[in-house]
There are 4 protein chains.
Amino acid sequence: MEETMVKADKDLSARFAAIRQHTEFICRSLKTEDYVVQPCADVSPPKWHLGHTTWFFETFILKPFLPGYKVYDSQYDFVFNSYYETVGARVIRTDRGNLSRPTVEDVFAYRKYVDEHMGRFLENGDLSLDLIETVDLGLNHEQQHQELLMTDIKYILGHNPLFPSYATEYVPTGQKSTASAFHQVVAGNYQIGFEGEGFSFDNEHGRHQVWIDEFKISTSLVTNREYLEFINSGGYQNFSYWHAEGWDWVKREHVEAPLYWHLVDGKWMNYDLGGLTETIAENPVCHISFYEATAFANWKGLRLPTEAEWEVASAAFDWGSRWEWTNSAYLPYPGFKKADGAIGEYNGKFMVSQMVLRGASVATPQRHSRKTYRNFFHPHLRWQFTGIRLVVD
Amino acid sequence: MEETMVKADKDLSARFAAIRQHTEFICRSLKTEDYVVQPCADVSPPKWHLGHTTWFFETFILKPFLPGYKVYDSQYDFVFNSYYETVGARVIRTDRGNLSRPTVEDVFAYRKYVDEHMGRFLENGDLSLDLIETVDLGLNHEQQHQELLMTDIKYILGHNPLFPSYATEYVPTGQKSTASAFHQVVAGNYQIGFEGEGFSFDNEHGRHQVWIDEFKISTSLVTNREYLEFINSGGYQNFSYWHAEGWDWVKREHVEAPLYWHLVDGKWMNYDLGGLTETIAENPVCHISFYEATAFANWKGLRLPTEAEWEVASAAFDWGSRWEWTNSAYLPYPGFKKADGAIGEYNGKFMVSQMVLRGASVATPQRHSRKTYRNFFHPHLRWQFTGIRLVVD
Amino acid sequence: MEETMVKADKDLSARFAAIRQHTEFICRSLKTEDYVVQPCADVSPPKWHLGHTTWFFETFILKPFLPGYKVYDSQYDFVFNSYYETVGARVIRTDRGNLSRPTVEDVFAYRKYVDEHMGRFLENGDLSLDLIETVDLGLNHEQQHQELLMTDIKYILGHNPLFPSYATEYVPTGQKSTASAFHQVVAGNYQIGFEGEGFSFDNEHGRHQVWIDEFKISTSLVTNREYLEFINSGGYQNFSYWHAEGWDWVKREHVEAPLYWHLVDGKWMNYDLGGLTETIAENPVCHISFYEATAFANWKGLRLPTEAEWEVASAAFDWGSRWEWTNSAYLPYPGFKKADGAIGEYNGKFMVSQMVLRGASVATPQRHSRKTYRNFFHPHLRWQFTGIRLVVD
Amino acid sequence: MEETMVKADKDLSARFAAIRQHTEFICRSLKTEDYVVQPCADVSPPKWHLGHTTWFFETFILKPFLPGYKVYDSQYDFVFNSYYETVGARVIRTDRGNLSRPTVEDVFAYRKYVDEHMGRFLENGDLSLDLIETVDLGLNHEQQHQELLMTDIKYILGHNPLFPSYATEYVPTGQKSTASAFHQVVAGNYQIGFEGEGFSFDNEHGRHQVWIDEFKISTSLVTNREYLEFINSGGYQNFSYWHAEGWDWVKREHVEAPLYWHLVDGKWMNYDLGGLTETIAENPVCHISFYEATAFANWKGLRLPTEAEWEVASAAFDWGSRWEWTNSAYLPYPGFKKADGAIGEYNGKFMVSQMVLRGASVATPQRHSRKTYRNFFHPHLRWQFTGIRLVVD
C-alpha cells in the first residue's frame with residue numbers, strides 16, 4: 001500500500017507543478033493593471049484567481065498537514081477566502097475589485113512560497129488517500145479557475161474601449177461546425193452520472209437511472225450564420241420566442257446580439273482575444289445566455305436537450321468548443337449528500353435558480369472535461385463560451 | 001352532437017354563474033379601500049382581479065363570438081389586460097396599485113354587464129367544443145384568481161398596522177396535522193401528468209414515464225411546533241442549512257420567521273384572517289419560502305420530494321391544506337407545446353427560475369385541485385399558503 | 001385682557017370651522033378610491049392629509065389642554081403622525097400608500113369628533129396667547145395641506161390612463177399673462193422677512209437687511225407659448241443650458257416637456273383638472289422643475305431672481321398664479337432659531353438641498369399668501385403649480 | 001509689449017514644469033496597482049488624474065495652437081475627457097474604474113510627450129494673453145487634481161483591509177488647534193469676491209457688496225476631542241441635531257463617526273496616510289460631511305458661518321488645514337457669466353445642491369489658496385479634508 005502511495009505522489013507532484021504553471025502561463029501577456037480590475041460582479045480580477053487558488057492549498061493542505069508550516073501572510077486568509085460566511089467581524093469589508101494591495105508581485109511571491117512547500121510536501125510525504133483526494137480537488141478547482149481566468153480576461157479586455165489584444169498568437173475561438181445531422185436515441189431507461197476512476201465533482205455523483213423518451217439531437221452546434229438569421233428576422237423584437245423573464249432582460253439590458261458583438265458601419269464585428277474582427281459565419285455562435293438559446297430554439301421550432309439526453313447522446317457528436325445550455329435546472333442527483341466541513345460547501349448550495357451546461361469550451365483546460373461534468377450558471381449570464389445544440393422530438 | 005352540446009351548455013351556464021358569484025362572495029366583507037391598494041409587486045389590488053377575470057370572458061368569448069356585442073368600455077382592455085406586450089404605445093403607463101379609477105362600483109357594473117351577456121350566450125347558443133374549452137379555461141383562470149384574491153387580501157390586511165379582521169366567522173387556516181408516518185414507494189417506472197376527463201392546464205399535459213428510485217415520504221406536514229424548534233435552534237443564523245441565494249435573502253430581508261409571524265412580548269403571534277392571534281403549535285407551518293423549506297429539511301437531515309415522487313405517492317396521504325414545495329424546477333414536460341395565440345402565452349413563458357408546488361391550500365377553491373396540478377412560484381415568495389412535506393431516501 | 005381673548009376666540013372658532021370645512025370641500029367630488037392611492041413618494045393619499053391635519057389638533061391642543069379629552073383611536077397617532085422619528089418600535093412599518101384602513105368613512109368620523117371637541121374648546125375656554133398661536137399654526141398647517149390636496153389629487157387623476165375630470169365646473173389653472181415689461185429696482189440696502197401682525201412661519205422670521213444690486217424683473221410670467229419655443233428649439237436636447245445634475249435628470253427620466261404635457265397626434269395636450277385639453281398658449285407655463293426653469297432662463301440669456309430680489313420687487317407685479325422658482329437655496333435667515341419641542345421640527349430640518357419658491361399658486365388657499373412666504377422644494381419636483389419669472393441685470 | 005510677454009513665458013515655463021513634476025511627485029510611492037482602482041464614484045483612479053490633466057494641455061493648447069502637433073493617441077481624447085456630453089456614439093462606454101489600459105507606463109509616456117511639447121511651446125513662442133490665461137487655467141486645474149490625487153489615494157489605501165502606508169515620512173494631517181477665542185465682526189456692508197492680480201476661478205468673480213450683521217467667529221477649528229464629546233453624548237443617535245436628509249443619511253449609511261475612524265477594542269483609531277493610528281485629541285476633526293458639521297454646531301448651540309462671513313473675517317484666524325464647511329449653498333455671484341466654449345463648462349453647471357467650503361486643507365498645493373476661493377461639494381461627502389469652524393451671533 002505504501003509503495004502505491006509513493007508512486008501516486010510522484011505523479012501528483014508533477015501534475016501539481018504542471019497545473020500551477022499553466023495558470024501563470026495563461027497570464028503571460030497581461031499587464032500589471034489587467035490583474036486588478038473587476039468590470040462586473042461575475043468577473044473576478046485575475047490576481048484574485050491567482051491568490052484564491054493558492055489559498056486553497058495553504059488552507060486545506062499546508063496549514064493542517066505540513067508540520068511547522070508558517071502561514072505566508074495571515075491577512076491573505078481574509079483577502080483570498082471565498083467562504084465569506086465564516087469570517088468574523090473585521091474593521092473593513094473586503095471588495096475584490098477595489099483592492100490595489102496585495103500587489104501582483106506579492107501574489108506571485110505568495111504562489112512561489114506555497115508551491116515550494118507543496119512541492120516538498122508532495123515529494124517527501126506518505127499521503128493518505130484522503131489527502132490525495134484533497135490535492136486532486138485543489139487541482140481541479142484550479143483548473144476551473146483557469147477557465148474563469150480566460151473568460152474574465154476576455155471580459156476585461158473586451159470591455160476596454162481600446163480593445164487590446166490578449167495575444168497575437170491567439171487562435172480564434174471556435175472551430176468550424178461540422179455538417180449538420182440529427183442523431184436518434186431510442187426510448188428507454190438509461191444510467192447517467194459519474195462512474196469509474198479519476199476525479200469528479202460531488203454534483204456528478206450518484207449514478208442513477210432515468211427514463212428517456214425517443215429524441216433526435218443535432219450533431220453540430222448552431223453557427224453565427226444561423227444566429228444572424230434569427231437576429232435579422234427580428235428575434236430580439238418578438239416577445240413570443242422568449243421566457244417572460246428573458247424578455248424583461250432583453251428590454252432592460254437593451255440586448256440585441258451576443259456579448260462582444262458590435263455593429264460597426266453595418267457590419268457585425270466580434271471582439272475575440274486577438275482584437276475586434278469580423279464575425280466568422282461558420283463558427284459556432286458564442287457568448288449567449290440561456291434566454292437567447294431558448295428563444296433561438298423556439299424560433300426554429302425545436303428545443304434544447306435535457307442534461308440526461310445530452311449525456312446519453314454525447315458519444316454521437318464532437319463536443320468541447322462551447323458550453324452547451326440544457327433545459328435542465330441545476331438540482332441534486334438522487335442521493336446527493338454534501339461533504340462535511342468547508343470543502344463540503346462546494347456545489348450543493350448553488351442548486352437553485354441556475355441552469356445546467358454540458359460539454360466544455362475552447363477555454364476549458366486539457367483533461368478537465370468529461371461527459372458527466374455539470375457546469376451551471378444563471379440564465380442571463382454570457383461571459384462564458386456558451387453555445388446551442390438543438391433537439392427534435 | 002347538437003343535443004349533447006346544449007346539455008353541456010346548461011351545466012356550463014350554471015357553473016359559470018356559481019364560480020363568478022363565488023369570486024364576489026370572497027370580497028363580501030371588504031371595504032371599498034381594500035380593493036385598491038397593492039402593498040407589493042406580487043400582490044394585485046382585489047379590484048384588478050375582479051376586472052381582469054371579467055376581461056378574459058369579454059375578450060376571448062363575447063367580442064369574437066357574440067354577434068353585435070358592444071364592448072363595455074374600450075379603455076378597460078388596457079386597464080385589465082395582463083398581456084402587456086401586445087399593447088401599443090399609450091399616453092400613460094398603467095400602474096395597477098395606483099389606479100383609483102375605474103372605481104369598485106364601476107368594476108362590479110362591468111362584471112354584471114359581462115355576466116348577463118355571458119349568461120344569455122351560454123344558454124342560447126350552440127357552442128363548439130373549442131368555445132366550451134375556452135369558457136372552461138376562463139373559469140379555471142377565475143378560480144386561480146380566487147385563490148390569489150384570498151392571499152392578496154390577507155397580505156393587504158396583514159400588512160396594515162391595525163391588523164383588521166377579514167371576517168369574524170373566518171375559520172383559522174390549517175387543520176391539525178395527523179400523526180406522522182412515512183409511506184414507502186418502491187423503485188420503478190411510473191407515469192405522471194394529467195390523463196382523463198375534465199379540465200387541466202397545458203403544463204400538466206404530456207403524461208409520460210419517469211424512473212423513480214425507492215423513497216419514503218411523510219404522511220403529515222411539518223407543524224409550527226417543529227418549525228419553532230428550527231428557529232429556536234438558530235436555523236436562521238446558520239448559513240450551512242441554506243442555499244447561497246437563500247442565505248443572501250435571509251440577510252438582506254432580515255428574515256427570522258415565516259411571513260405573518262410577529263414576536264410580541266416574547267410570544268410568537270401570527271396574523272390569520274381573523275386578526276393577530278397566538279400561533280397554534282400543531283397546525284402545519286404556513287407562508288414559508290422555498291429557501292426556508294429547504295433549510296428546514298437540511299436541518300432535519302431530510303429532503304423535499306421531487307414533483308414526480310409527490311404525484312406518485314399522493315394517494316398515500318391527505319393533501320390540500322398547504323401548497324407543498326417540491327425540489328423540482330418548473331420546466332416543460334416532454335413534448336410540451338404551447339397553444340397558438342394569446343391564450344397560448346399561458347404557462348410556458350414562466351418555465352425558468354421557479355420551483356414547483358404540489359397539492360392545494362385552504363385558499364384553493366373547491367373542485368380546483370388534482371394530483372397532477374403544477375403550481376409554481378419564485379423561491380423567495382411566501383404570501384401563498386405554502387408548507388413542507390419531507391422525504392427520506 | 002380676558003375680554004380680548006374671548007373675542008379673539010370667537011373669530012378663531014369661526015375661522016377654525018371655515019378652514020376645516022374648506023378642506024372637505026376640496027374633496028367633494030372624489031370617489032372613495034381616490035382617497036387611498038399614492039402614485040409617487042412626494043404625493044400623499046388624500047385621506048392621509050385629512051387624518052394628519054386632524055391629528056395635529058388632537059395631539060397639540062385637545063390631548064394636552066382639554067381636560068378629560070378621550071383620544072379617538074390610540075392607533076391613529078401612529079398612522080397619521082408625520083414625526084416618524086419619535087415613534088418607538090412597532091410590530092409593522094406603516095406605509096401611507098398601502099393602507100386601506102382606516103377607511104375614508106373612519107377618517108371623516110375622526111374629523112367630526114375632533115372638530116366637535118375643538119369647537120366647544122374654542123368657544124368656551126379662555127385661551128392663552130400661546131394656545132391661540134398653536135391653533136393658528138394648526139390652521140396654517142391645514143391650509144398648506146389644502147394646497148397639497150389639490151396638487152396630489154391632480155397627480156392621482158392626471159396619472160390615471162382614463163384621465164378622469166376632477167370637477168366639471170373646474171376653472172382651468174392659470175390666468176392670461178399680462179403684457180410683458182421689466183420693472184427696475186435700484187441698488188441699495190433693503191429689509192426682507194416678515195414683520196407686522198398675523199400669522200407667519202418660523203422660516204420667514206428675522207427681518208433683516210440685505211444689499212441688492214440694481215436689476216430689472218419681468219412683470220409677467222413665462223407663457224406656454226414661450227416655453228414651447230424653448231422645446232421646439234431643442235432646449236431638452238442641448239446640455240449647455242442645464243445644470244449637470246439637471247441634465248442627468250432629463251436623460252434619466254426622459255423628460256421632454258412640463259409635467260402633464262402629452263404630445264398626442266403632433267399636438268401638445270395638457271392634463272388640467274377638467275381633463276386632457278389642448279395647451280393654452282398664453283397661460284403661464286406650469287409644472288416645471290427648477291432645472292427646467294434655469295435651463296429656460298439660460299436659453300433666453302436671462303436669469304431667475306433671488307428670493308430677496310423677488311420680495312423687494314413684488315409690489316411691482318401681480319403674483320399668485322404660480323409658485324415662482326428663485327435661484328436662492330432654502331437656508332436659514334440670520335438669527336433663525338427653531339422652536340422647542342415637536343412643533344419646533346417644523347421648518348429648520350429641511351434647510352439643505354432645496355430651492356426657494358416665492359409667491360403663491362392657483363391652488364393656494366385664500367388668505368394664505370404673503371410676499372414674505374418661503375416655499376421650498378427639491379429642484380427636480382414639478383407636481384406643484386410652479387412657473388418662471390425672469391430677471392435682467 | 002512683446003518683451004513683457006517673453007518674460008511672462010519664461011516664468012510660466014518654469015512654473016509649468018514645477019507643477020507638472022509635483023503631480024508625479026505625489027505618486028512617487030504608489031504601486032502600479034494603486035493607480036487603477038476606483039472604490040467609489042467620487043474617487044477617480046490616480047492614472048485617470050494623470051491622464052486627464054495632460055489631456056487638458058493637449059486639447060486646449062497643443063492641438064489648436066502648436067503648428068504641426070501630432071496627437072499622442074487619438075483614443076485618449078475619449079478615455080481622459082471629462083466633458084462626456086460632447087462625445088459622439090461609441091462602440092463601448094468608458095468606465096474609469098475598470099480600465100486596465102492604457103497602462104500606467106503608457107500614461108507617464110503620454111505626460112512626457114505632452115510636457116516636452118509644452119516646454120518647447122512655452123519657451124519659444126510669443127503667447128497671447130488669452131493663451132497664457134488658458135495655460136494658467138490648466139495649471140490651476142492640475143493643482144485641483146493634485147489635491148484630489150491626495151484624497152483619492154487616501155481613500156484607496158484607507159479602504160484596503162491591509163491599511164497600507166502611503167509614505168513613512170508622511171507628516172500626520174493637521175496641526176494642533178490654537179487656543180480657542182472668538183473674533184467679533186461688526187455689522188456693515190462688505191465687499192467679497194476676487195480682486196487683484198493672479199489667477200482666480202470664474203466662480204469667485206464679480207466682487208460685490210453684501211450686508212452682514214454682527215457676529216463672532218472662532219479663531220480655531222473644532223478638535224477631535226470636542227467631536228468625540230459629541231459622539232459620546234449620543235450625537236449620532238439624536239435626530240433633533242440633524243437635517244432630515246442628514247438623519248436619513250446617518251441611518252442609511254450606518255454612520256457613527258468621521259470617515260476613516262474605526263473603533264478597535266474600545267479605542268478610536270484613525271487611518272492616516274501613515275497607517276492606522278490612534279486618534280490625536282487636539283488635532284482638528286477631519287473627514288466629516290456637511291450634515292455632521294451642522295449637527296455638531298446644533299449640539300453646541302452655535303452655527304456654521306456663511307461664506308461671506310468667513311471671507312470677511314478670514315484675516316483674523318489661521319486657515320488652511322481643513323476645508324471649512326459654510327452654511328452657504330453654492331450659487332452664482334451677482335453678474336456671474338460662464339465663459340464660452342468647453343472651458344466655459346467649468347463651474348456654473350454645478351451651481352445647485354452643493355455647499356460651499358472655504359479655506360484650504362493640508363492636501364491643497366502650495367500657492368493654490370486664497371481667501372476668495374470657493375470650493376464646493378455635496379453635503380454627504382467626506383473624503384476631502386473637511387473641518388468645522390463655529391460662529392456665535
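1. Strand β8 (residues 323-329) of chain A runs antiparallel to strand β9 (residues 355-359) of chain A, and 4 bridges join the two. One of the pairings can be followed at residue level: Glu324(A) has Arg358(A) in β9(A) as its bridge partner. The model is predicted, and this applies to every point below.

2. The two strands belong to an open sheet of 4 strands in chain A, with the order β10-β9-β8-β11 and mixed pairing. At the edges of this sheet are β10 (375-377) and β11 (386-387) of chain A, each of which pairs on one side only.

3. In chain A, the bond from Arg101(A) to Pro102(A) is cis, with omega near -5°. Pro102(A) sits in the loop between α3 (76-80) and α4 (104-124) of chain A. In chain B, Arg101(B) and Pro102(B) are joined by a cis peptide bond with omega about -5°. The loop that holds Pro102(B) lies between α3 (76-80) and α4 (104-124) of chain B.

4. Chain D has residues other than glycine with a positive phi, among them His254(D), where phi is near 55°. This residue, His254(D), is in the loop between α7 (244-253) and β5 (261-264) of chain D. His254(D) has a relative accessible area of 64%, so it is exposed.

5. Arg367(D) also has a positive phi, near 55°, and is a residue other than glycine. Its place is the loop between β9 (355-359) and β10 (375-377) of chain D. Is Arg367(D) buried or exposed? With a relative accessible area of 77%, Arg367(D) is exposed.

6. Thr54(A) is a residue of helix α2 (residues 46-65) in chain A. Its relative accessibility is 0%, so Thr54(A) counts as buried. Leaving aside residues up to four places away in sequence, Thr54(A) touches Arg20(A), Tyr110(A), Arg111(A) and Val114(A).

7. How many disulfides are there over all chains? The count comes to 0, where a disulfide would need a pair of cysteine sulfur atoms within 2.5 Å. Cys27(B) is an example: the closest cysteine sulfur, in Cys40(B), is 18 Å from the sulfur of Cys27(B), which is too far for a bond. Cys27(B) counts as buried, because its relative accessibility is 1%.

8. The corresponding values for chain C are given here for the record. The sulfur of Cys27(C) has its closest cysteine sulfur in Cys40(C), at 18 Å, so the two are too far apart for a bond. Cys27(C) is at 1% relative accessibility and therefore counts as buried.

Definitions and conventions:
Residues numbered from 1 in each chain as written. Chains lettered and ligands numbered in written order. Predicted model: local features only at pLDDT ≥ 70, side-chain atom pairs only at ≥ 80, totals over all residues. Heavy atoms only, no water. Buried < 20%, exposed > 50% of the residue type's maximum accessible area, 1.4 Å probe, protein only. Contact = heavy atoms within 4.5 Å. Pairing = 2+ DSSP bridges.
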